[in-house]
Amino acid sequence: MQGNHAIAEGAIYAGARFYAGYPITPSSEIAEECSRKLPKLGGVYIQMEDEIASIAAVIGASLAGAKSFTATSGPGFSLMQENLGLAVMGEVPCVVVDVQRAGPSTGLATRPAQSDIMQIRWGRHGDQSVIALCPSSVKECFTLTVTAFNFAERYRVPVVLMPDEIVGHMRENVEVPAPGELEVVDRKRPAGPPADYKPFKADEDGVAPLAAYGGEYVFHVSSSMHGLDGYSNNDPANAAWRVKQLHEKIDRHRDEIVLTKRFGTDDADVLLVTLGATTRSGRAAAIEARRQGVKAGVLQLQTVWPFPDREVAELGRRAKMIVVPEMNYSGQIAGEVRKAVGPDVDLRQVNRYNGTIITPQDILAVMLGAK
Amino acid sequence: MSHATGTKYLKGGILPHMWCSGCGIGIMLGALLRAFEELDYTTTDTVVVTGIGCTGKADDYMITNALHTTHGRALAYATGIKAYNPRLNVVAIMGDGDGVTIGGNHFIHACRRNIDLTAVILNNLNFGMTGGQVSGTTPPQRYTSTTAYGNPERDFDICALAEAAGANYAARCTPYHGWEMKENMKEALTKKGFSVVEVVSPCPTHFGRHNEMKETPDMLHWLRDRAISIEDYRRLPEAERTERLAIGTLVSRDFPDFNTQYELVKARAQKG
Ligand SMILES: Cc1ncc(C[n+]2csc(CCOP(=O)(O)OP(=O)(O)O)c2C)c(N)n1
Ligand code: SF4
Ligand SMILES: [Mg+2]
């Protein structure tokens, strides 16, 4: 199975029944697969006029009760930003897949990159937090898509799944989990009297139950600053509460959201911090390094946002050297790693930004070479 | 027979509203809510989707379901709602900036898709909320806060655009003709497929002030004097039409709507 197909299958497994999108390489296989599968399941596939409309329709459908999602790549992801902010502000569960390709602009349309990392975190105006997950194998394309929907539903947030083109187009054998094998989370529904329902009144866990349009609960959702009832509210005290609540909702569940994998990190002198396809090169490099007598280990960031700073710090401070391979020029992950471990650690970057993969040799050269 | 007031859809305790005196938005909203009442719409099965602008504030006064969206995108959000739950009455309320300027692409595609929504576009010929700047519906050579020497561009005819792009229904109204507006709203709401109600409306604060209609009622009178029923309009010689505003039901036809077409797709998928 191809990574992109596994994403579509994972979404359907998680209960997605609405897809709106606008085709773009290297994500189009997800749309194609959804257009074949969703009508069979009684779901909706709709091709919109652009990505602005796609994410808007996804949000609308979610509020009508659907688990909904879209997939795109850099240029389309840029177009989605404003409306993605509405999903944050209105606390609307949904999933956006950004199969990362090389930029800037149209760039190398068919080639991989990991250069949307900061855009995913900071691309929208206004102050907000976001969850982003990054698969490194076809199997993870499936399982992390299910996780993305679960996080979206549990915390009433948009979740970005950010495979790079290599992982999106990679083919591997995967066994599709049987129904019930993976946990599937559904959003909390309101239970009290409809007259008392407040769509932004959070429970103990910081998340408010969400009704669906057309049920017995009538509700307002707004991109403008709003109060508990969803109606406009410009009071500074209300605005402060809102912005804080949107951040805190994610912060307080940080440990459930941050997912990492460790490969030989227990005794590692050299720590590789990887995501997506570079995890594969990183693991190969670590194995080769150990063969040559250097104790290397890999920390894979399955969750990229919120950034696994504590995990990086824990392992990074024990290591003599940290190496961060990533397919971008600016060292978007390396910067976060530096923040986590402080200025004194020997942190080395391996960057490629020409649309080709970072090889184990690239990593070894930096890891084993003189500083 | 008692007349519908529409007040049962109004949020209590929020008046007075934010709109300037002499603005047409309140009259538009009144007509829409009366239409809701005459059609026995429930708050549970009705979703109002608004854009951004003076017009886009309308949901703040309503107690139906609502989604207040981003500038120009209301129809795209509404499309997602309706495509997923065809049972809902989905109404998008937008300004002319929202509806056909920044949102022009969504508008023509909603028409083409002929999805069973009602789009109410309050056309006050400018961007009211942001200070009366030029819009895609500002007539040529008119003055706005960004066309100090006149507008060099042409304006969209919203109803003609709707017709060309494939909508099933298009009507034009003015706040001077409140009863007719309500009737057009009802037709639009009950029409299957995409329906557009264009409400050409005064914005005395900006458009009126910039265009020698300085007193609050002037722009309303200007609309009254130009308005002519579409039936009479069609009988006018071409030369006399230019300064007139045809009102009434301009387009009414029955192409299949998106949801009906999609049911065919689903049936085929489920058979295969
Ligand atoms: C993306 C974006 N661009 C610009 C604006 C600023 N803006 C807010 S309302 C508006 C125009 C409103 O005009 P219209 O839609 O005609 O509504 P009216 O106020 O006239 O009812 C603009 C340009 C915005 N909110 N979002
Ligand atoms: S600025 Fe114009 S459109 Fe806005 S409320 Fe005032 S009169 Fe109405
Ligand atoms: Mg306007």
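Q: What distance separates a backbone N or O atom of Gly128(B) from an oxygen atom of ligand 1?

A: Start with the idea of a polar contact: a pair of N or O atoms within 3.5 Å (within protein, one must be able to donate a hydrogen and the other to accept it, and residues adjacent in sequence count only if both atoms are side-chain atoms). For Gly128(B), the distance is 2.8 Å. Cys54(B) also has a backbone N or O atom 2.8 Å from an oxygen atom of the ligand, and a polar backbone atom of Gly97(B) sits 2.8 Å from a ligand oxygen too. On its own, ligand 1 has 590 Å² of accessible area (Shrake-Rupley method, 1.4 Å probe), and the protein covers 76% of that.

Q: How should I take these numbers?

A: Bear in mind that this is a predicted model, where local features need pLDDT of at least 70, side-chain atom pairs count only at pLDDT 80 or more, and totals for chains, interfaces and linings use all residues. Residues are numbered from 1 along each chain as its sequence is written, chains are lettered from A and ligands numbered from 1 in the order written, and side-chain values use heavy atoms, leaving out hydrogens and water.

Q: Where does ligand 1 lie, and how many residues surround it?

A: Look between chains A and B. A residue joins the shell if one of its heavy atoms lies within 4 Å. Here 17 residues do, and the closest are Cys54(B), Thr55(B), Gly97(B), Asp98(B) and Gly128(B). By type, the shell holds five nonpolar, nine polar and three charged residues. Helix α3 of chain B (residues 96-102) gives the most, four residues; a helix is a DSSP run of H or I, at least four residues.

Q: What do chains A and B bury between them?

A: The size of an interface is often given as the accessible area lost when the parts come together. That buried area (1.4 Å probe, summed over both parts) is about 3200 Å² here, with 57% of it on carbon and sulfur atoms. Glu49(A), Tyr213(A) and Tyr231(A) supply 19% of what chain A buries against chain B, more than any other three residues. Counting contacts (heavy atoms within 4.5 Å), 43 residues of chain A touch 41 of chain B.

Q: Which side chains meet in a salt bridge?

A: That's a side-chain nitrogen of Lys or Arg within 4 Å of a carboxyl oxygen of Asp or Glu. The rule finds one across this interface: Arg113(B) with Glu49(A), at 2.8 Å, N to O.

Methods. Helix = DSSP H or I, 4+ residues; strand = E, 2+ residues; numbered from the N terminus. Nonpolar A, V, L, I, M, F, W, Y, C, P; charged D, E, K, R; others polar. Buried area = accessible area lost by both parts, 1.4 Å probe.
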